Amino acid sequence: MLLGGALAGALRTSVTRVEGDGETVTLAAWRMLLRDPAFADAVLFTVRIAVLATAFSAAAALVVALTLRRRGTPLRALAALPVPVPHLLVAVVAVLWLAPGGLAERLLGALPVDLVRDRAGVGIVLVYVYKEAPFLALLLLAAMGRGMLEREEAAAVLGATWWQRLRWVVWPTVRGPLVVGCIVVAAFVLGAFEVPLAVGPNAPLTLAEYAQQATQNDLLAGESLQAAALLVAAAASIVLAVAAVRLAKDPQGD
Amino acid sequence: MTERSSPRRLVAAALAAAFALPIGVLVVRAFADAWRAPAVIPQRWGLRGLREALSGMALDAFANSLIVAIVVTVAAVALAWPAARVLGERRLRHPALPFLVLALPLLVPSYATGAGLTQWFLRLGLVDALPGLALAHLVIVLPYVTVVLLSAFGPPVTALEEMACSQGLTALQRLRWVTLPAVRPSLAAAVLLGFLVSWSEYGSSLAVGGGRPMLPLVLLPFVRSDPQVASALSLLFLAPAVAALVLAARAARSPL
């Protein structure tokens with residue numbers, strides 16, 4: 001009910017303009033949004049970061065989970081340590097290590113590329129991978145369980161190679177939880193802005209940063225623009241989620 | 001023995017270093033009054049960062065964030081419990097739609113949720129108030145808590161409860177002696193996750209808070225302006241998260 005109210009409130013704000021004592025219904029904010037090149041840049045930048053951060057986090061999580069699947073609780077607990085650390089705190093750590101003049105540069109002499117406040121958003125992606133890969137690895141390890149190890153051993157006895165076991169035993173087991181986890185990660189990245197504000201560039205902005213700046217630039221009309229931009233971010237999350245679920249479906253319909 | 005334990009130790013060392021090294025620098029930076037490049041070790045140690053951090057709105061922000069996180073976690077568990085039971089025990093014929101509605105807040109940016117709620121909260125006088133912040137956080141925390149909690153319920157817990165019922169235990173006794181111990185690990189994980197999500201929530205706090213200090217909002221500006229104060233505030237930010245992790249790990253093991 002609260003979420004429905006929130007979305008209805010955002011939609012209402014996006015098509016309303018305060019004039020004098022009253023309010024008028026107008027699509028001016030949406031028109032302004034769609035004509036603004038900074039908004040198009042923000043959409044592209046945000047989707048690119050979300051896709052890259054999610055893909056790299058998923059790949060890293062798969063490697064960690066495969067490495068730890070036969071290991072005990074202490075190692076799994078160590079791998080999960082970044083999970084309770086807030087995103088903003090990881091962003092602070094990234095600035096201390098990777099910013100110009102940061103600890104990495106002091107230890108290595110110089111970094112080959114800019115990693116903080118860079119236009120490509122590499123620093124943002126790195127922060128998300130550090131934070132989200134352990135979260136996804138936890139989901140995968142929970143899905144793997146003892147049953148998968150037994151099936152893997154049975155496949156090995158029948159002569160399946162490492163690659164065949166990965167393709168026919170491991171992947172079908174982890175595909176579902178991995179897709180669900182990736183959807184949660186991508187949706188978070190699409191909407192969050194504490195990490196881009198801390199380590200991201202001044203331009204292009206992410207969608208959430210664009211929405212926040214809209215109210216700073218114009219207090220009245222900015223609210224409609226902000227609501228419209230945030231609704232686009234919400235729609236992008238839902239479209240990506242639907243696409244991920246469809247892509248993850250097995251050709252046989254599993 | 002040595003051959004088998006070597007890779008294990010190597011993996012353990014790599015994982016521990018991947019966590020401890022980055023986080024450890026926070027502690028060093030928080031107490032480094034002077035740390036100019038290219039020095040790898042601070043030139044002067046001191047408490048400036050801590051003093052600056054605690055002289056502003058940080059303590060108010062800490063208290064606000066803590067109150068909201070605790071209230072939201074308790075409310076989320078209370079609301080998620082019946083939903084998780086129904087979904088976990090597969091009592092619904094078509095669970096997909098309720099599950100989708102429940103999980104939808106995970107897909108909508110929290111800033112969007114907060115900005116949308118602000119329109120209604122302004123009319124209700126809930127903007128710039130802790131109850132408003134708690135309600136906004138609850139929208140985001142509830143799906144996480146429900147998803148974790150529903151894995152606890154299912155045929156084994158139902159069977160245990162039926163056995164307890166046949167032995168004459170009252171509803172309260174069943175809850176105290178059967179259900180809570182049976183779902184303890186999932187409940188601890190749900191409480192931990194709920195607390196952490198609310199504790200670190202930024203978007204909805206910014207939208208609904210109306211300037212009321214919350215710890216993430218107070219911390220962010222210092223990331224660019226003063227890394228030492230940002231590091232000191234980060235330690236303040238990390239402490240309850242670690243405490244919650246330790247408490248949840250203990251609760252998952254020992255009887256409630």
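Predicted model: local features only at pLDDT ≥ 70, side-chain atom pairs only at ≥ 80, totals over all residues.
Reader: What is the handedness of the crossing of α5(A) and α10(B), and which residues of α10(B) does α5(A) meet?

Author: As α5(A) passes α10(B), the crossing is left-handed. From α5(A), the contact takes in L88(A), V92(A) and V95(A). Their partners in α10(B) are P216(B), L219(B), L220(B) and V223(B).

Reader: How many residues of the contact of α5(A) with α10(B) are nonpolar?

Author: The contact of α5(A) with α10(B) has no polar residues and no charged ones. The nonpolar count is 7.

Reader: How many charged residues are in the contact of α3(B) with α8(B)?

Author: In a right-handed crossing, α3(B) brings residues including F62(B), L66(B), W81(B) and R85(B) to the contact. By class, the contact divides into 15 nonpolar and 5 polar residues, and the charged count is 1.

Reader: What distance separates the axes of α3(B) and α6(B)?

Author: The axes of α3(B) and α6(B) cross at roughly 40°. That angle makes α3(B) oblique to α6(B), and the crossing is right-handed. The contact of the two helices has 22 nonpolar, 4 polar and no charged residues. The axes come within 7 Å.

Reader: How much space lies in the largest cavity?

Author: Rolling a probe the size of a water molecule over the atoms shows where empty space is left. In this structure there are 4 cavities of 30 Å³ or more. The space in the largest one comes to about 570 Å³.

Reader: Which residues are closest to the centre of the largest cavity?

Author: The lining of the largest cavity counts 30 residues. By class, these are 21 nonpolar, 5 polar and 4 charged. Closest to the centre are H87(A) and F188(A), with Y144(B), V197(B) and S200(B).

Reader: Which helix gives the most to the lining of the largest cavity?

Author: Several helices each supply at least two residues of that lining. From chain A these are α7 (122-157) and α8 (162-191), and from chain B they are α4 (96-107), α6 (130-150) and α8 (171-199). The top contributor gives 5 residues, and that helix is α8(A).

Reader: Which residues line the second largest cavity?

Author: The second largest cavity holds about 40 Å³ of space. Its lining has 4 nonpolar, no polar and 3 charged residues. Helix α8(A) gives the most here, with 4 residues. The lining consists of L66(A), R69(A), E152(A), W162(A), R165(A), L166(A) and V170(A).

Reader: Which residues does a cis peptide bond join in chain A, and which in chain B?

Author: The chain A bond has omega of about 0°, and its proline lies in the loop between α9 (194-199) and α10 (207-217) of that chain. For the chain B bond omega is about 5°, and the proline is in the loop between β1 (32-34) and β2 (44-45). In chain A the bond joins A203(A) and P204(A). In chain B it joins A37(B) and P38(B).

Reader: What is phi of R117(A)?

Author: R117(A) sits in the loop between α6 (103-108) and α7 of chain A. Its phi is positive although the residue is not glycine. The value is near 60°.

Definitions and conventions: Residues numbered from 1 in each chain as written. Chains lettered and ligands numbered in written order. Heavy atoms only, no water. 1 Å grid on protein atoms, 1.4 Å probe; cavity = no way out; pocket = protein on both sides within 12 Å on 5 of 7 lines; lining within 4 Å. Points joined across faces, edges and corners; volume = space filled by probe spheres on them. Nonpolar A, V, L, I, M, F, W, Y, C, P; charged D, E, K, R; others polar. Left-handed = near helix turned anticlockwise from the far one by under 90°. Contact = heavy atoms within 4.5 Å. Axes fitted to C-alpha atoms, helices over the stretch in contact; angles between N-to-C directions. Parallel < 35°, antiparallel > 145°, perpendicular 65-115°, else oblique.
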